Amino acid sequence: MHVYILKRLLHIVPTVLGITFVVFLMMQSVPGDPVVALLGDAYTQEDAVKIRHLYGLDRPIIVQYFIWLGKLVQGNWGTSILSGRPVLEDVLVRLPVTLELIVLSMGVALAIAVPAGIIGALRQNTWADYTATSVAMIGVSIPEFFIGVLLLLVFSFGLGGLLPSSGWVYLPGTCPSMVCGVSLWGNMQHVLMPALALGVGRAAILTRLLRTSMLEVIRTEYVTTARAKGLSERPIVLKHALKNALIPTITVMGLQIGFLIGGAIVVETLFAMPGLGTFGIDAIIARDYQQVQGFALITAFAFVTMNLLVDLTYTFLDPRIRYA
Amino acid sequence: MKPRPISGGSTRETDLLAVPGVAWRARVASPESPLAQGLRRFRRSTTALVGVAIVVTLVLVALFADVLAPQSPISSDQTRTFQSPSWDYPLGTDQLGRDMLSRIIHGTRLSLIVGVSSVLLALLVGVPSGMIAGYYGGRLDSAIMRVMDLILAFPIYLLAIILMVVFTPTAGLIGAMKVTGAIAIVRIPIYARLVRGSVLSIKEKEYVEACRALGVRDPWILFRHILPNCLAPIIVTTTLGIATSIIVEATLSFLGLGTQPPTPSWGWDLKANISFIQANAWLSLFPGLAIFVTVLGFNLFGDGLRDALDPRLK
């Protein structure tokens, strides 16, 4: 087991390198030239050559990648061509915003899904089940940006501007400069709608999946055995059934976290939040190679780690699954 | 009459007819195929039928969009911008004076084509990869899953976004094919991982061991014994998958990276009108509702299918 974990940890390195390399290659094949965009009207051939040389853009692609990698090992994430700012600094400033959004929306999703999924399965074909499944069905069918638009229409425009439609107020301690707004209350007001927009859809998916697996599990013989030997319903549901029902749910949850980080791009765009999502999409569209690399690096790392955790959770939930 | 032997199992219909004393044909329970049984269960589910009705309606709307749409979806009229819903324009007009109803009718095509074809493409690659990886384990498993990890390590939208930036979004059929390809690529690992997870636990079961002990060949074990047992999550995920693909398509369009104008796309319309929602809420509401109803239709349809094909879950 420990060997397995160690092996998987070692796998993280090539996977992250692979991802950043693939992104690097893909970005290089995007039509357009960031140097042209940078110089704008002042574009001259000599300046372009100078800038390309300055940022190493005149080197072969492979060499450029390894230069980036070499600097990375020394803790240097590179400098944005377009803004001239260090990439790591920007990433660290925006990371807390996105982390907060994702953690809260995952919390929203789990808080709804686990009880709803269990109740739906245990009280199958009752009004409680029908309510849970119908609401989940609606939740699964609405894209997060449309939930966001509906929330905007109700809470920002409908109820006399109850919640702000865009922008951000930082959590105490995460403010990147002297001028930004910092307040817990303001932060909550700003994060509420985005977290709901992102979390409701995930909640619906997890509810449906958990209900399905629970239905499958509570029909198995070991649950009947547990009932037959006089175990009360609570340990049967929570210890015997839920643990096994969680296997497919955990798989999908791992994938959902990937979806959440991507969904953050959409929700952050809609609500104009200064998070990693807007940072990433702006960088991709502007072809700011260094920023895209930084963005790819941090998301790739987050994902591979999450997938490892998901695989390890399997063995915990079902000891029959073994990794040699 | 010759006495019939008592031993030898049940009396068959032909034997009965040969017996002169028996005047009626024996009633034999007509064997119903599992598929027919499934179909019968499917027809009993109201929600499933609602789903089918929505999907069939959408397919018809997509096929006959040219006939059904009252106006051209792309011709703009600067004298009729931001019209509220009326008899002439049942869903109003947008900032270019284009008829919203016609745009939504034509948008059906893009959503359906991209949604269905991208899932089929992903399924064809993902399911076999996952089964092989889970069943054989070892190096093959590592190799397949590392490739999947590589794709999975991207947030689905991020990879789709980068792929679309690389493909450069365009209008029309080619544009739709680019979106289909981008969505299919990001969705392959979902099937692979799901199937692998199930196979990992199913292959330890006694009946699989028994098969191996009997000398049943691996492909037969995989397709006849393991695949049917992990089918329920595959079906759930596939039907949800069409719905999700439609959402991803709408999301890419929403970010401006889907099929480009003038091709009508719900996601693009929603995005384009978002700056005006405070005064003209319907402009973003109708494309959003269209996405919602379409996705809902596929979800209901898929749910009904699941209940019908796997009665254990009902």
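pLDDT is the predictor's confidence in each residue, on a scale from 0 to 100. This is a predicted model, in which local features need pLDDT of at least 70, side-chain atom pairs count only at pLDDT 80 or more, and totals for chains, interfaces and linings use all residues. Residues are numbered from 1 along each chain as its sequence is written, while chains are lettered from A and ligands numbered from 1 in the order in which they are written.

**Exercise 1. Confidence**

Task: State the mean pLDDT of chain B, and find which of its elements have the lowest and the highest mean pLDDT.

Solution. Begin with the chain as a whole: the mean pLDDT of chain B is 81, and 86% of its residues reach 70 or more. Next, take the elements, where helices are DSSP runs of H or I with at least four residues, strands are runs of E with at least two, and both are numbered from the N terminus. Among the elements of chain B, the lowest mean pLDDT, 48, belongs to helix α1 (residues 13-18), and the highest, 91, to helix α3 (residues 46-63). Then turn to residues 6-18 of chain B, over which pLDDT stays under 50 and for which the model has six contacts beyond four places in sequence; two residues are in contact if their C-beta atoms, placed from the backbone, lie within 7 Å. Where pLDDT is low, the predicted coordinates should not be read in detail. Finally, the scores for the model are ipTM 0.79 and pTM 0.78.

**Exercise 2. The two chains**

Solution. A residue is buried if 20 or more other C-beta atoms lie within 10 Å of its own, exposed if 12 or fewer, and partly exposed in between, with C-beta atoms placed from the backbone. Of the contacts in chain A between residues at least 6 apart in sequence, 72% join residues at least 24 apart. In chain B, residues 24 or more positions apart account for 70% of the contacts with a separation of 6 or more.

**Exercise 3. Interface and core**

Task: Determine which elements of chain B touch chain A, and which residues have the most contacts inside the largest nonpolar core.

Solution. First, the contact count: 46 residues of chain B are in contact with 46 residues of chain A. The elements giving two or more residues to this side of chain B are α6 (138-152), α7 (156-167), α8 (172-202), α11 (231-254) and α13 (281-309), and the largest share, nine residues, comes from α13(B). By type, the residues of this side divide into 33 nonpolar, eight polar and five charged, where Ala, Val, Leu, Ile, Met, Phe, Trp, Tyr, Cys and Pro count as nonpolar, Asp, Glu, Lys and Arg as charged, and the others, Gly among them, as polar.

Second, the core, defined as a set of buried Ala, Val, Leu, Ile, Met, Phe, Trp, Tyr and Cys residues joined through C-beta atoms within 7 Å. The largest nonpolar core has 152 residues, and those with the most contacts inside it are M214(A), A264(A), A160(B), I161(B), M164(B) and V195(B). Helix α10 (residues 233-271) of chain A gives the most to this core, with 18 residues. Leaving aside residues up to four places away in sequence, M164(B) touches P169(B), K178(B), V179(B), A182(B), L252(B) and L257(B).

**Exercise 4. Backbone geometry**

Task: Locate N125(A), T168(B) and P262(B), and describe the backbone at each.

Solution. Most residues other than glycine have a negative phi, and most peptide bonds are trans. N125(A), in the loop between α5 (87-122) and α6 (127-141) of chain A, has a positive phi near 60°, and is exposed, with 10 other C-beta atoms within 10 Å. T168(B), in the loop between α7 and α8 of chain B, has a positive phi near 50°, and is partly exposed, with 13 other C-beta atoms within 10 Å. Last, P262(B) is found in the loop between α11 and α12 (266-272) of chain B, and the peptide bond from P261(B) to P262(B) is cis, with omega near 15°.
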